[in-house]
Amino acid sequence: MNQCSKFFLLAGAFFGCQAHAAETAPGINNFTKPFNEYTWVTAHNGYLDDMAVQLNRGVRGFMLDLHPGKLKATKEAYLCHVSKNSTCDARAHKKFSTALKEVFIPFLLSNPNAVVTLILENHMDNEGFLKSLQAVPELGNWVFDPEAYSGSSWPTLQQIIASNKRLIIFTDSKSGRYQVSGRTVPILLNNSWQTQNYWDLGLTALKHNWSCESRWSDKKHAIQTTTDSGVDNWKRLFVLNQFHRWGSSTAHAGHMDNNLTYLERRVDRHCATLIGQRKNPNYIAIDFNQTGDAFPYAAALSQGGFYFYEGNSASQDSVCVIPAGHNYNFRLASRGCENDEARSMRLRGVAKGTRITLFDSPTGSQKDDYVIIDVKRDIGINENNIVIGSFEKNFENRTFKIRAFYHNGLDGKVSRVKIEQKR
């Protein structure tokens, strides 16, 4: 189970729950792809925990419920979790405008490579919502505007970063192009820009509905059409809801809902079966994001990764995933990878010239078992059949070359991982 406290500095790269200067989120340092080809850890009911802490942890999406405050004279939106027609306690809950001014905009100022998405469940009337937006005069400087781009596809992440319009706001109601201090603030309608699976993973933490049916019942927004185009021919963004209605806990989330094994199975099996093909989510919406494997998994979905498994031939539970695009040299257990567990590996989105060396020795001694795997061609991020079935056999094909240095066996005994670019 991968937790923030288990990440550390190695080989010049920061493996933390906080992106360093060359990253946009933990593990993501390639900004060249269209925005719809990235995956972001998203906090369900994000206001229930300190949002600044979550941003620093690496969360880049926030699901926020907007309700009127009990002090009706304010007419502004507050953040709280109440029933549809209820109000927030204006003395206890944070205003939406305050969160924008004191949390999100300061974070964007301090993190120039970050792009943040807000997904609103909006129970405000038009007047109250507009008043909340107008309470943030500088908002128009930050909010992403699709009309600023031409073409039939999403801009690249780098283009969005360069524009500095790095706050994307979706809503389930009250969408539109609002005027705030002479600037346009586009609020995008969920149904037009996204597809989502049904939000309830199970009525309680004792039950799990892993199926991937659409949150919206009409065929236009069915989960099967996640690869179809949305507004202006841009592909819809896929929001994977992975949380329970109630009754979950930090321990349960770390063990199941946010665990790599179940996240990967949800995407690779349940959703892929319903959609008709494997589709990477753009937002993984979870509770208790301080635990589990969502951060390295999101990075691996965004730019490739090295997936390790307990069984041979990529079978049984996932051990861990290490995002591609970085050099590594670390001893297990760390980065969520357990010591003496991995017996096989799957490669996705790994570049030609990558060398993977796995050691039985925790110090990397070559006096014990080790294996060298050289990648001979670029492996696509959506390729699913590039599997190293065992670390104990010499083998070569057009994709990789394996040289195993055998003493008494390496499968299930990996204690050190070294990954480097040789070209």
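Analyst: A quick definition before we start: a contact means heavy atoms within 4.5 Å. Keep in mind, too, that this is a predicted model.

User: With that in hand, which helix do the buried residues of H6 pack against?

Analyst: Helix H6 covers residues 250-257, and its buried residues are His252, Ala253, Gly254, Met256 and Asp257. Those buried residues pack against another helix, spanning 260-275. That partner is H7.

User: Let's zoom out. How many helices and strands does the protein chain have?

Analyst: Buried residues make up 57% of the 423 residues in the chain. As for secondary structure, the count comes to 8 helices and 22 strands.

User: What is the radius of gyration of the protein chain, and what would a compact globule have?

Analyst: The C-alpha atoms fill a box of roughly 75 × 45 × 40 Å along the principal axes. For 423 residues, a compact globule would have a radius of gyration near 22 Å. The chain agrees with that, because its own value is 22 Å.

User: What share of the contacts with a separation of 6 or more comes from residues 24 or more positions apart?

Analyst: Here we look at contacts in the protein chain between residues with a separation of 6 or more. Among those, the share from residues 24 or more positions apart is 67%.

User: How far apart are the centres of the positive and negative side chains?

Analyst: The surface first: the chain exposes about 17200 Å², with carbon and sulfur atoms supplying 47% of it. On the charge side, there are 49 positive and 40 negative side chains. The centres of these two sets are separated by 3 Å.

User: Which strands stand at the edges of the open sheet of 6 strands?

Analyst: The order in this sheet is E15-E22-E17-E18-E21-E20, and the pairing is antiparallel. An edge strand has a single partner, so one side of it is left without a neighbour in the sheet. That describes the strands at 328-331 and 395-396, namely E15 and E20.

User: Which residue in E22 is the bridge partner of Tyr328?

Analyst: E15 pairs with E22 (residues 416-421) in the antiparallel sense, over 4 bridges. For Tyr328, the bridge partner in E22 is Ile419.

User: Which residue in the hairpin of E13 and E14 takes a positive phi?

Analyst: This hairpin has 3 residues between its strands. One of the hairpin's residues has a phi near 60 degrees, and that is Ser313.

User: How many residues of E16 are buried?

Analyst: Both faces of E16 are covered, with Ser344, Arg346 and Arg348 on one side and Met345 and Leu347 on the other. Strand E16 is largely enclosed by the rest of the structure, because the buried count is 5 of the 5 residues.

User: Which residue in E19 stands opposite Arg346?

Analyst: E16 and E19 run antiparallel and are joined by 2 bridges. Across from Arg346, the residue in E19 is Val387.

User: Is Arg335 buried or exposed?

Analyst: Arg335 is also located in the loop between E15 and E16, and its phi is positive, near 55 degrees. The cut-off for buried is under 20% relative accessible area. At 5%, Arg335 is therefore buried.

User: What about Lys174: what is its relative accessibility?

Analyst: Lys174 is found in the loop between E7 and E8, with a positive phi near 65 degrees. It counts as partly exposed, at a relative accessibility of 26%.

User: Last one: how far apart in space are Asp378 and Leu118?

Analyst: Asp378 is in the loop between E18 and E19 and is partly exposed, with a relative accessible area of 47%. In sequence, Asp378 and Leu118 are 260 residues apart. In space, C-alpha to C-alpha, they are apart by 34 Å.

Key. Residues are numbered from 1 along each chain as its sequence is written. This is a predicted model: local features need pLDDT of at least 70, side-chain atom pairs count only at pLDDT 80 or more; totals for chains, interfaces and linings use all residues. Side-chain values use heavy atoms; hydrogens and water are left out. Two strands pair if DSSP finds at least two bridges between them. Buried means under 20% relative accessible area, exposed over 50%, partly exposed in between (1.4 Å probe, protein chains only). The radius of gyration is taken over C-alpha atoms; the globule rule is 2.2 Å times the number of residues to the power 0.38. Accessible areas come from the Shrake-Rupley method with a 1.4 Å probe; for residues, only the protein chains shown count as cover. Lys and Arg count as positive and Asp and Glu as negative; His and the chain ends are not counted. The place of a charge is taken as NZ of Lys, CZ of Arg, CG of Asp or CD of Glu.
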